[in-house]
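Keep the sequence and the structure in view.

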Amino acid sequence: MELLEVFKALSNETRLQIVQWLKNPEIHFPKPQHGDIHEDGVCVSDIHKKVGLSQSTVSLYLSMLQNAGLIKAKRVGQWTYYKRDEENIKKIIELLSRDL
């Protein structure tokens, strides 16, 4: 795990908001048409609508967050869902606590 990647991913207000919104997805996003919001996560189209940026920018942001280990993706049929990677976030917090 690269802390620099985590800091880069969180250094943008929108990317930080996405991670924060995904902490309590039922508050920030509509109930999914397919799957379970807690089990599967939030559909990329719902994230795109909330963020209000281009699809390519949102995809790039989600990719950065995923590469940093903050979120994970899951395919459900033709849809991609994202949710926080809580296990990895705990490791990041432990690493920060130990090393900083």
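The dialogue below takes one feature at a time.

Q: What kind of model is this, and how are residues numbered?
A: This is a predicted model, in which local features need pLDDT of at least 70 and side-chain atom pairs count only at pLDDT 80 or more, while totals for chains, interfaces and linings use all residues. Residues are numbered from 1 along each chain as its sequence is written, and side-chain values use heavy atoms, with hydrogens and water left out.

Q: Which residues of helix α2 are buried?
A: Two terms come first. Helices (H or I, at least four residues) and strands (E, at least two) are DSSP runs, numbered from the N terminus. Buried means under 20% relative accessible area, exposed over 50%, and partly exposed in between, with a 1.4 Å probe and protein chains only. In α2, residues 13–23, the buried ones are Thr14, Arg15, Ile18, Val19, Trp21 and Leu22.

Q: Which residue caps the N-terminal end of α2?
A: Asn12 does, with a side-chain oxygen 2.8 Å from the backbone nitrogen of Thr14. A polar contact is a pair of N or O atoms within 3.5 Å; within protein, one must be able to donate a hydrogen and the other to accept it, and residues adjacent in sequence count only if both atoms are side-chain atoms.

Q: How do I read the strand order of the sheet?
A: Strands of a sheet pair through backbone hydrogen bonds, either parallel or antiparallel. Two strands count as paired if DSSP finds at least two bridges between them. This open sheet of three strands has the order β1-β3-β2, with antiparallel pairing. β1 (42–43) and β2 stand at the edges with a single partner strand each, so one side of each has no neighbour in the sheet.

Q: How many bridges join β1 to β3, and how many pair β2 with β3?
A: Two bridges join β1 to β3, and Cys43 has Tyr81 in β3 as its bridge partner. β2 (residues 71–76) and β3 (residues 79–84) pair over six bridges. Ile71 has Arg84 as its bridge partner in β3, and Arg75 stands opposite Thr80. β2 and β3 form a hairpin with two residues between them, and Gly77 in the turn has a positive phi of about 65°.

Q: Where is Asn88, and what does its side chain reach?
A: Asn88 is in helix α6, residues 86–99. At 16% relative accessibility, Asn88 counts as buried. The Asn88 side chain reaches the backbone oxygen of Gly69 at 3.0 Å.

Q: How far apart in space are Asp85 and Lys23?
A: Distance in sequence and distance in space are read separately. Asp85 and Lys23 are 62 residues apart in sequence and 9.8 Å apart in space, C-alpha to C-alpha. Asp85 lies in the loop between β3 and α6, and counts as buried at 17% relative accessibility.
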